[in-house]
Amino acid sequence: MLHRARPERDACPGALRVHEAADGGLARIRVPGGVLAPPQVRAIAAAAALGDGGAELTSRANVQVRGLPAGAEEELAAGLRTAGLLPSATHERVRNIIGSPSAGGRELVDVRAVARELDAALCATPSLADLPGRFLFAVDDGSADVISLGADVGLLAQRADTLALVLAGVDSGVRSAPDQAAGVAIAAAEAFLAEKAAQGRSAWRLAELDDGARRVADRLGADPAGPLSSTKPATHAQVGGVARPDGTVAVVAGAPLGRLSRDQLDIITAASDAAGELRLTPWRTVVLPGLRPDEADRWLSDLGAHGLLVDPSSAGAGVTTCAGRPGCAKARADVRDDARRALRAPDGGALPVHWSGCERRCGRPQGRVVEVLATGAGYEVGLDGETRASGADVDQVSAALVAARRTV
């Protein structure tokens, strides 16, 4: 497979390397495994207050804050460091670890523990500071919900005592116990860097190397078993209340168009105090696990009253956008405003939708996605390489989405 040449360093923002966007500084805060303790939720709200007050959830279960004024970097970093959200200055942009949110409480392994160990091992390995900022790890609890999201190195629970190492969607054949899984993932990342150097490539992702998965497996002394067959359907994440085997309920709430306002951050902060933990997901939702049924009902009501998506039939469920105008100078349209105008009513669609202001498609989810792309002559709506509408205005986009989203 041919891949376009990459610059040696990508331009992914971090908490220390702030990107200058049209609306001010943009910082990305990594949240390995997506798990936040209540003090960390408050630290993120404080970080957002340094900028425009809101926060964006990303397709890697991280958080972005926008509108940061010049000189805010030091205060931002100090607050995050105090909260334990910036444990390594050298590795902060490579701490890209997504984990199954385990809202249903039926996980085969403790994803949080494995993700913590992986993060600590990553930060303790000096050579891995050279990983590209796009390189992605995944820890899957056995539900196969995150292993299919394009991770370079994945750990998939098969039994309570066994995790499979998955390399760019290929079963490597390597198996490990939960307490050894982090070390296996670290070895795979080191093998990626060694193979990247051997090929003389500036690849950001494992799949961009020639026969990358097999060659990395060879370096690990493994025999790849072939493409992974266990994946989840390409539908957007459920929101609402999720019953758990222990009798508690997890509350799952979606961020409208992937963005949380200042007021929504405040109510989520209060909710995390009640739940004792907040989990971020790659589907731009937040999970409050382990609530009593009466507590869950109250928080569903309160979160919904603040505009979060708690009803799976909501018009905005599964719909995301990039920043668009005026926040991004490269965007051709105010995609957030246009997306809101197009979401006049629920359309019953299962597929996610992503609006992009330009061909870079920032923030696009993995898998099958109905794409709405701003062009110089209106919007283009596409799915699976097929154009469903071209040169469309907002009304025409809305009509095209109804049919496209139901193509599962």
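Burial classes come first: buried means under 20% relative accessible area, exposed means over 50%, and partly exposed lies in between (1.4 Å probe, protein chains only).

1. Ground rules. This is a predicted model, where local features need pLDDT of at least 70, side-chain atom pairs count only at pLDDT 80 or more, and totals for chains, interfaces and linings use all residues. Residues are numbered from 1 along each chain as its sequence is written, and side-chain values use heavy atoms, with hydrogens and water left out.

2. Salt bridge count. Side chains of opposite charge can pair when their charged atoms come close. The criterion here is a side-chain nitrogen of Lys or Arg within 4 Å of a carboxyl oxygen of Asp or Glu. A search of the whole structure on that basis returns 27 salt bridges.

3. Asp-23 with Arg-66. These two form a salt bridge, with the closest N and O atoms 2.9 Å apart. The pair links distant parts of the chain, 43 residues apart: Asp-23 sits in the loop between strand S1 (19-21) and strand S2 (24-29), and Arg-66 in strand S5 (residues 63-68). Helices (H or I, at least four residues) and strands (E, at least two) are DSSP runs, numbered from the N terminus. Arg-66 is buried, at 5% relative accessible area. Asp-23 is partly exposed, at 31%.

4. Glu-56 with Arg-336. Here the closest N and O atoms of the salt bridge are 2.4 Å apart. Glu-56 belongs to strand S4 (residues 55-57) and Arg-336 to helix H8 (residues 335-342), so the pair ties together parts that are 280 residues apart in sequence. Both Glu-56 and Arg-336 are buried.

5. Glu-386 with Arg-388. Their side chains meet in a salt bridge at 3.3 Å, N to O. Glu-386 is partly exposed, with a relative accessible area of 43%. Arg-388 is partly exposed too, at 31%.

6. Network. Shared partners join salt bridges of Asp-23, Asp-52, Glu-56, Arg-66, Arg-259 and Arg-336 into one network.

7. Cysteines. How many disulfides does the search of the whole structure find? The count is 0, with a disulfide taken as a pair of cysteine sulfur atoms within 2.5 Å. The sulfur of Cys-123 is too far for a bond, because the closest cysteine sulfur, in Cys-12, is 17 Å away. Cys-358 is in no disulfide either; its nearest cysteine sulfur, that of Cys-328, is 5.9 Å away. Cys-358 is buried, with a relative accessible area of 10%.
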